[in-house]
Structures are given as C-alpha cells and as structure tokens.
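Here is a quick walk through one protein model, written for someone opening it for the first time. Take a look at the sequence and the structure before reading on.

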Amino acid sequence: MGGVKAGPPPAQAIETWPHRPTFLCAHPDVKTKDFEPGASLPLGIPIDFESDLFEGKLFCRLKPIPSHPDDKGHEAYFQGKKRLYQFIVQGHFKEEIALSDIIIGDFYERPFKGVPSGNLMKLYQAFMEAISPGLIMDMTSDTPKILTAFGNCQTMRVDTKGQEPDIRSGNVEEDTSLLFGKEKFSSIKKRRKYLSKPKNSSKYKTNPDHMYTIEMYDHTMCFGTYYQHAMGAKIDMATSMNAQPLALGVFTTDEKIICKFPVWNERLLEEMRKMGQK
C-alpha cells in the first residue's frame, strides 16, 4: 500500500493564499477546468474537475475560513451545527465500478508521530468508528491509511444526467432510489451501515449514465487550526500527521485516484521546515 503520492506542497507564497491559513488544491492526477495545476482553489463555489475515472464538481466549505463572496449560504450552513467542514462531490463515473471497490480517505507516505498504542488506540479507534462505520485505520505502519467505504458518506443521492441538484447552495438531500431500484432505507444511518459492508456494497455498481452526489462533513477536524477535537483531547494534526496534509480523497481499492483534494495549512509548511523538508 502507500502507492498514492501526496503531491507537492503549495508553491504559492503563504502571504498570497486567498483562504489563508488554508490552501485547497487538486492532486496532480486531478485536472481542474479553470485553474492551473497546484493553484489555490476557491471555497464555497463549485470547481469543475476530471480524473481518469470521474468527471464532476467539488464544493468545499471550511469553518471558520470565509468562503468565496458568491457563497451566500456559508454562515447559515454552519449556524447551529457542530460541523467544521463540508465537502460535496458531484459527477459521473466513466466506467462501472462496484461500490465495494470505492473508498474515501487517504494514504500516507510517512509514519505518523505520537500515535497512541494499546488500550488508548483501541478507544480512539472505537470513537472514530462510531463516527464512520466501516472505517479502516492503519495508523502505526510506515505507510498509514485512514479509509472508509464510499457508501458511508453522510449524504448520497443518484440522479439521471440533467436531473442532479445544483450544489451551489451547498444543500443536498438524500435520494438513493435510483441506486437500489426504490428507496430501500428509512434512514441515512441504515444506508450507511448497509453499504459499509463489502458483502452488501458489492451488489451495486456505478452507472456512467448516472450522476452521483455525495456529501461529507465532520465535527472533530478543524482545518483552520489543524487541530482535531476527539475524546476530550485537542490533537495537533500538523505534528501528528508528520507534516502531511489531510485530503478529501476518493479511490478504488487498488489505489487508482477518482479524486483527491489536499487541504494544506501554513502550520504544515512550518512543520516541514522544522524537519528540513522542501
């Protein structure tokens, strides 16, 4: 494992980052329509992108980082919620892929630092698995990975092309009737639990004629500070991740990139300088 490279850090001077202290960009294997490779991508407006396996749009909001002026729903989205970010991916797959062969998360090239062991690691893993059923965590190897099933996203909908929702509002309503032939589940929680099991998700394949919209959000990871708040603790992810960025990544199980968008923070670059990296 570990075949998916992180991609280079931002070359743009920190002082010019439009969403400083964060910097959202596309992985080199993901091409954006309106931005140069490695460029800072805007928050709060759809970004057209394409990879070898997927063509679509990304929509991202980060709390407390202000979005693009065109995003009129940023404050309303986070108001009254514990959420700290929102990622939406919408588009079509270029070929049929079993849902059991699609994963969300990321692979890392360097070992993590200060990873707890024994009972503390078991408690942390149980906490994270409660948030994300079907989670795969390998945090102690030289090439760690944190992955979950594609069907475990917080919101999922499937539409025929041309009938997909406009993601500029940032609002996505669950609708999997086209995937299952009918609305199979009475709750999102049941759908997530069902599709988190490979024996179930292997029964369904992506349809290149359909548009897939998935939403992911979380209340533990703040990209603005690069601290994770879990189990009553405040974890410095810039240090713990060994100066590696967290990313919205969607892959096949054989590590082909469907999409990958690292979210850098200037604290990561400072950590890299301490380590003598460029």
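## The open sheet

How many bridges join strand β5 to strand β10? Seven bridges link β5 (residues 85–93) with β10 (residues 210–218), and the two run antiparallel. Within this pair, Val 89 has Ile 214 of β10 as its bridge partner. Strands here are DSSP runs of E with at least two residues, helices are runs of H or I with at least four, and both are numbered from the N terminus. Two strands count as paired if DSSP finds at least two bridges between them.

Both strands belong to an open sheet of six, ordered β2-β3-β4-β5-β10-β9 with antiparallel pairing. At the edges stand β2 (31–32) and β9 (155–160), each with a single partner strand, so one side of each has no neighbour in the sheet.

## How to read the model

This is a predicted model: local features need pLDDT of at least 70 and side-chain atom pairs count only at pLDDT 80 or more, while totals for chains, interfaces and linings use all residues. Residues are numbered from 1 along each chain as its sequence is written, and side-chain values use heavy atoms, leaving out hydrogens and water.

## A covered strand

β6 runs antiparallel to β14 (residues 246–252), joined by three bridges, with Ile 104 opposite Val 250. Five bridges tie β6 to β8 (residues 145–149), also antiparallel, and there Phe 107 partners Lys 145.

## Salt bridges

The whole structure holds eleven salt bridges, each a side-chain nitrogen of Lys or Arg within 4 Å of a carboxyl oxygen of Asp or Glu. Asp 106 meets Lys 260 in one of them, at 3.0 Å from N to O. Asp 106 sits in β6 and Lys 260 in β15, so the pair ties together parts 154 residues apart in sequence. Both residues are buried.

Another links Glu 266 and Arg 20, with the closest N and O atoms 2.7 Å apart. Glu 266 lies in helix α7 (residues 266–275) and Arg 20 in the segment before β1 (22–24), so this pair ties together parts 246 residues apart in sequence.

Key:
Buried means under 20% relative accessible area, exposed over 50%, partly exposed in between (1.4 Å probe, protein chains only).
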